[in-house]
Amino acid sequence: MTLPPIHREILVDAPPGVAFALFTSKIGDWWPLDGLSVFGAGATVAFEDGALVERSPDGQAAEWGQVTSWLPPGEFSMTWHPGRDTLAASQVTVTFRAAGDQTLVVLEHAGWDVFADPAAARAEYEHGWLEVLRLYQAFTAPGGTQAGQEVPASQDAASGAGDGDGEATWVALLHRAGPAAEPGVSIVAQPPFREHAGFLQRMASQGYLVAAGPLPDEDGAGMTILRLPGAGRLAEATRLATEDDASVASGFFTVTVRPWQVMLTGPALDG
């Protein structure tokens, strides 16, 4: 089964044009080359003639990918193959959308079938992109972190922290056993449930998950509450619930997506 793309979002304290420029023209100033590169410490990376190229201290070059779309200040796409053959390239797209005084930056990484072990590659990149975006978010902040300075891990790039005007899109997801679920077998004991657990972990890592759990009065049913920063993101929440959750896409679960107008929260969420 084809694995879904990695989908990560952050809000940065800069308008789209600045956010785009800092991501692209300044990538060598904030990318964690010590741990996420071909040559390691001392290397540099920059966009050169339509490609993203890393150079070692002794002059060796490694192409990370070729730009396939360049639409500043809104989007760029590129093939992705750091340390790999160009024929084994996945695809990365980064978009920049105004969100009040901030910019919503969305990164999608797709094309896992080119890897010998797609699931392992996807899991590794999930952690890698968290670190990359954490450092980028810190670099774009007013008085942003300079290259080489440590960024506290609490500044989680995938948390979506900083809603700007405080607006958010809340949804309640009602899950029930679907036609692909095996009758008479505990829903959590069936292998496809791991895909649903993976979806919940991704929502948690992106800062969207508020709560999730089974409904004890109905076998195979559960409820998930998501909160996406920014208003008007119901369509995106629906896409996440129906496409990013492979257990729903395969029919193991069905899902009902209900928009929720939250009028009051307690201190656990406000603080």
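Asp49 sits in the loop that links strand S2 (44–48) to strand S3 (51–55). The backbone of Asp49 has a positive phi of about 50°, although Asp49 is not a glycine. Most residues other than glycine have a negative phi.

The structure described here is a predicted model.

## Overall make-up

The protein has 271 residues, and 43% of them count as buried. Its secondary structure consists of seven helices and eleven strands.

Contacts between residues at least 6 apart in sequence can be split by separation along the chain. In this protein, 59% of them join residues at least 24 apart.

## The largest nonpolar core

The largest nonpolar core holds 31 residues, and the members that touch the most other members are Trp31, Trp80, Phe96, Trp129 and Tyr136. The strands are S1 (6–12), S5 (75–80), S6 (90–99) and S7 (102–110). The helices are H1 (16–24), H2 (27–30) and H3 (118–140). H3 provides the largest share, seven residues.

Trp31 shows how parts of the chain meet in this region. Leaving aside neighbours within four places in sequence, Trp31 is in contact with Leu36, Val45, Trp64, Trp80, Trp129 and Val132. Two of these partners, Trp80 and Trp129, are also listed with Trp31 among the core members that touch the most others.

## A second core

A separate core of 18 residues is also present, and its members include Phe199, Met203, Leu240 and Phe252.

## How H1 meets H3

H1 and H3 pack with their axes 10 Å apart, at an angle of about 125°. The two helices are therefore oblique to each other. The crossing of H1 past H3 is right-handed.

On the H1 side, the contact is made by Ala19, Leu22 and Phe23. On the H3 side, Leu133, Tyr136, Phe139 and Thr140 take part. Sorted by class, the contact of H1 with H3 has six nonpolar residues, one polar residue and no charged residues.

## How H4 meets H5

Helix H4 (residues 193–205) and helix H5 (residues 234–244) have axes that come within 10 Å and cross at roughly 150°. That makes H4 roughly antiparallel to H5, because angles over 145 degrees fall in that class.

H4 contributes Phe199, Arg202 and Met203 to the contact, while H5 contributes Leu240, Ala241 and Asp244. The residues of this contact divide into four nonpolar, no polar and two charged. Phe199, Met203 and Leu240 take part in this contact and are also members of the second core.

## The loop between S4 and S5

The loop between strand S4 (61–71) and S5 includes Pro73. The peptide bond from Pro72 to Pro73 is cis, with omega near 5°. Most peptide bonds are trans.

Gly74 lies in the loop between S4 and S5 as well. With 27% relative accessibility, Gly74 counts as partly exposed. Not counting residues up to four places away in sequence, Gly74 touches Phe20, Val94, Thr95 and Phe96. The C-alpha atoms of Gly74 and Thr95 are separated by 5.6 Å, although these residues are 21 residues apart along the chain. Phe96, another partner of Gly74, is one of the residues that touch the most other members of the largest core.

## Towards the two ends of the chain

Leu3 is placed in the segment before S1. Its relative accessible area is 25%, so Leu3 is partly exposed. Leu3 touches Trp112, Pro118, Ala119 and Arg122, again not counting residues up to four places away in sequence. Leu3 and Arg122 are 119 residues apart along the chain, and their C-alpha atoms are separated by 8.3 Å.

Val262 is found in the loop between strand S11 (253–260) and helix H7 (267–270). Val262 is partly exposed, with a relative accessible area of 24%. The C-alpha atoms of Val262 and Trp170 are separated by 7.1 Å, and the two residues are 92 residues apart along the chain.

Technical notes:
Residues numbered from 1 in each chain as written. Predicted model: local features only at pLDDT ≥ 70, side-chain atom pairs only at ≥ 80, totals over all residues. Heavy atoms only, no water. Core = buried A, V, L, I, M, F, W, Y, C linked by side-chain atoms within 4.5 Å. Buried < 20%, exposed > 50% of the residue type's maximum accessible area, 1.4 Å probe, protein only. Helix = DSSP H or I, 4+ residues; strand = E, 2+ residues; numbered from the N terminus. Contact = heavy atoms within 4.5 Å. Axes fitted to C-alpha atoms, helices over the stretch in contact; angles between N-to-C directions. Parallel < 35°, antiparallel > 145°, perpendicular 65-115°, else oblique. Left-handed = near helix turned anticlockwise from the far one by under 90°. Nonpolar A, V, L, I, M, F, W, Y, C, P; charged D, E, K, R; others polar.
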